[in-house]
Amino acid sequence: MLLLGCIKEVSDYELVISLPNGLSGFVPVTQISDAYSKMLSKQVAQGELLEDLNSLSDMYSPGTLVRCIVTSVEKSADGRRSIKLSIDPKKVNKGLNASALALGMLLSGFVSSVEDHGYLIDIGVSGTHAFLPRQKAQNYIKAVKRGPDLKIGQNLNCVIVEVKNEGRVVHLSVDRSEVAASLATEQQNWTLSNLLPGLVVKVRVQKVAPLGIKVSFLSSFTGFVDFMHIDPEKSTNYSPDQVMKACILSIHPTSKVVRLTLRQAFLHPGGSPNQLSSDRMGAVVEESTVKAFYKQFGAVFELDDGTLAFARLKHLSKTRKSFKPGAFKTGCKHKCRIIDYSLMDEMCIVSLKYQIIEARFLQYQDIHTGDVVQGKVFALKPIGMQVKVTDGIKGLVPSMHLADVILKQPEKKYNIGDEVRCRVLECSPAGKKLILTLKKSLVQSKLPLLSNYEDAKPGLITHGFVVCAREFGCIVKFYNDVKGLVPKNELSSEPISCPDKVFHEGQVVKVMVLKCEPQQERLLLSFRLSSKPAPENKKECTPKKKQEVKYQIGEMVDVKVLKKKNNGLEVSVLEDEGKVIASIPTVHLSDFVANCKLLWHCLQEGDVLPRVMCLSDKGEHIILSRKSAVISAVQEEQVVRSFSEIQPGMLLTGYVRNVMPFGVFVEFPFGVTGLAPKVNMSDKFVTDTKDHFVVGQTVIAKVMSIDEEKQRVLLNLKVSECSSGDSAAESFALLNQYFKEMKEIRNLLRRRGEPNSHGCELVPGKELQLVVQDVKEDGSALFSGSCVTGLTVTATRYHLGEKNIVPGEKTKALVLHVDALTSKVYVSLREELLKQK
């Protein structure tokens, strides 16, 4: 369906369009024009900003009329309809062809190229070269004041001023006076299949009815002007055979029904409809008078300032049952609230619903930073939780703000539909951006809010949250993205040499302002509100001599690789300026045995490894671990610190210390060990224990029994016994960690520029074009190809399928597995796998 729309809002990724009859639609950034989409794709491919690619806000502004075509109508989860639109001329002008183009036609076009003498314009007509001479654009460029040139992707109302070679070449003008005076005529040979919204035509009144006026135009066409589009100044003065100007609003593709408007703002192309003053939006009108009631649509009211407003049927009463048509006779008065403004109808949209009139928040502009709001959880996403404050207002609670502490599994605390009480951290009405916090300490805080640098007066005490803790101190954030620095000497009354051991990201803190420079947005803060001692239960690091520093098990440190040894890495602890030497055994580089060897191979002297955990500290011998499952277990306190804490039935994360013929010894953080006998090692029958486990493998073990006298622990390693219940979540978390590490390994190999580093690009499932190199006696085959240079590519007899291949033959193959360490790639030629691609 073709419609005339008016730009209501412009964001980075879409245009919000006001449509006739109070509707709204959305034009995604990819539905502007071909030239603009190509530039977007080029920018994404290059990964850097293109100088000649302008943002939507550089080219479009609210109030501009545009021709649109409906591409889809989708229903959202809450039952609302979302209208997706396109303004691409290839879709809007698809009914036109080169031979139909005529002098004086008003078309919508887009700048596709900037040339020396003018601009190439995309008018969406195949086989037609449309050109806008520079002199025909100068007045327009000066009037719109958007720079010295038109921009690629910019929308223009163009009038055809010259047609050559049967429409294969046309010259255009965007001169405002020529566009405004344009009129669609019979000589231009418009048909119902190529008629466009936005055309101004002369119409003859055929019939005047309560719901609108039936008109004829361009000699043979009929159309309809509904009650919302009759000129309010002349609403009662229309009579049959009267001739006047009208603008086409919409053309239905199947019924060919044409709707028009008689409102003055639309009768000169290139004009702009009247806007609503911002202070009226959300206003409550105590007495609005019913002007007309339409039983299938709603009612038109006259507001206290004489302007007209429309209320849809569903907004006339709380429920359908409570609706009384008798209350809406002409002259009846009602209390209402302005909830929207339809640019295309130049009319306020109002509601008579009590709950809307009394609502605290109606639009994003009503919400202020620091407000405490009630909302409903409607989605849980990796970046955080989406909360619905009202039907039209939605906010985001970032993951860091779901609770006073960082939640590993927020879905266990929150469910869809839960009522939550949040505080507004940031609200940007222009971008419809609402950031909320659920941290109780912030929601319940009675201290003054800090939402701009001007309010940060020395001595002010307020609540904030830590976003970064480093050796130089802490960065603390407040409301509206205001942030400041707490230097090292202001962290506590006692010296703290390692702030990141004492303070963590997301921690709510009470701070005092020391100094503020609003112009530079510089803010200096202090945690020293009084002479109280430093926070308890927080380990403080003080500089000591080499190897005298003691680390607690579970403590996180950043390290630098000093030396590679056969059994692991020798590293220095960065927090102690490299004076402390520790080691990471190869088996502790990852939870995944294969990745351990790969990481050892990839890492080099000088590489920095962040957030490694102290596993044991026996004098001068500090052992560290990068096993994420073990680190998580320690951080979430799912560990035992001594033999006395162990209880039968516990699930504990540990790693294989030794594999014996009779069973497997498993060690846990804090030094407790246990034995899983051969019968309890696997759900499968165990012949040789070494076929099932290797030293260093991360495992989850279930405590079966304890012998306090002999200090022995018996364990069960059967997968069926060792799941916490949510096995799917556990599996996905492990997979996610594995792929994260593989990405890290790929980056390391690329950075090193290793000859076979491109092998890391070969992910399982990728289809390759290969050449058969050799077929071996055992039925397996070797392959070569430009995409696998330097790699050994092989397929087993089974994975050749039924194919009888010969050396030199070209074939398709699917990657099954890549062993980056040995540079081997295993592939399959089986049809059933290749077909799935």
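The protein exposes about 42900 Å², and carbon and sulfur atoms supply 51% of that area. Please keep in mind that this is a predicted model. Its secondary structure comprises 12 helices and 45 strands. The radius of gyration is 36 Å, well over the 28 Å that the globule rule gives for 837 residues, so the protein is more spread out than a compact globule. Below is a friendly walk from the whole chain down to single residues.

**Overall picture**

- Taken along the principal axes, the C-alpha atoms fill a box of roughly 110 × 80 × 55 Å.
- Of the 837 residues, 46% are buried.
- If you look at contacts between residues at least 6 apart in sequence, 59% of them join residues at least 24 apart.
- On the charge side, there are 110 positive and 92 negative side chains. The centres of these two sets lie 4 Å apart.

- Strand E20 spans residues 347-351 and is mostly covered, with 5 of its 5 residues buried.
- The cover reaches both faces of E20: Met347, Ile349 and Ser351 are buried on one side, and Cys348 and Val350 are buried on the other.
- Strand E18, residues 308-312, pairs with E20 in the parallel sense over 2 bridges. Here Ala309 has Cys348 of E20 as its bridge partner.
- Strand E19, residues 333-342, runs antiparallel to E20, and 5 bridges join the two. Ile338 has Val350 of E20 as its bridge partner.
- E19 and E20 form a hairpin with 4 residues between the strands. In this hairpin, Glu346 takes a positive phi near 50°.

**Ser342, in strand E19**

- Ser342 sits in strand E19, the strand that 5 bridges join to E20.
- The relative accessible area of Ser342 is 2%; because the cut-off for buried is under 20%, Ser342 counts as buried.
- Leaving aside residues up to four places away in sequence, Ser342 touches Ser18, Leu19, Gly22, Met347 and Ile349.
- Two of these contacts, Met347 and Ile349, belong to one side of E20, where they are buried along with Ser351.

**Glu286, in strand E16**

- Glu286 belongs to strand E16, which covers residues 284-294.
- Is Glu286 buried or exposed? Its relative accessibility is 53%, and the cut-off for exposed is over 50%, so Glu286 counts as exposed.
- Glu286 touches His334 and Lys335, not counting residues up to four places away in sequence.
- Leu303 lies 17 residues from Glu286 along the chain, and the C-alpha atoms of the two are separated by 9.1 Å.

**Thr822, in a loop**

- Thr822 is found in the loop between strand E44, residues 810-819, and strand E45, residues 824-828.
- With 44% relative accessibility, Thr822 counts as partly exposed, because this class lies between the buried cut-off of 20% and the exposed cut-off of 50%.
- What separates the C-alpha atoms of Thr822 and Leu562? The separation is 25 Å, for residues that are 260 apart along the chain.

Definitions and conventions: Residues are numbered from 1 along each chain as its sequence is written. This is a predicted model: local features need pLDDT of at least 70, side-chain atom pairs count only at pLDDT 80 or more; totals for chains, interfaces and linings use all residues. Side-chain values use heavy atoms; hydrogens and water are left out. The radius of gyration is taken over C-alpha atoms; the globule rule is 2.2 Å times the number of residues to the power 0.38. Buried means under 20% relative accessible area, exposed over 50%, partly exposed in between (1.4 Å probe, protein chains only). Contact means heavy atoms within 4.5 Å. Accessible areas come from the Shrake-Rupley method with a 1.4 Å probe; for residues, only the protein chains shown count as cover. Lys and Arg count as positive and Asp and Glu as negative; His and the chain ends are not counted. The place of a charge is taken as NZ of Lys, CZ of Arg, CG of Asp or CD of Glu. Two strands pair if DSSP finds at least two bridges between them.
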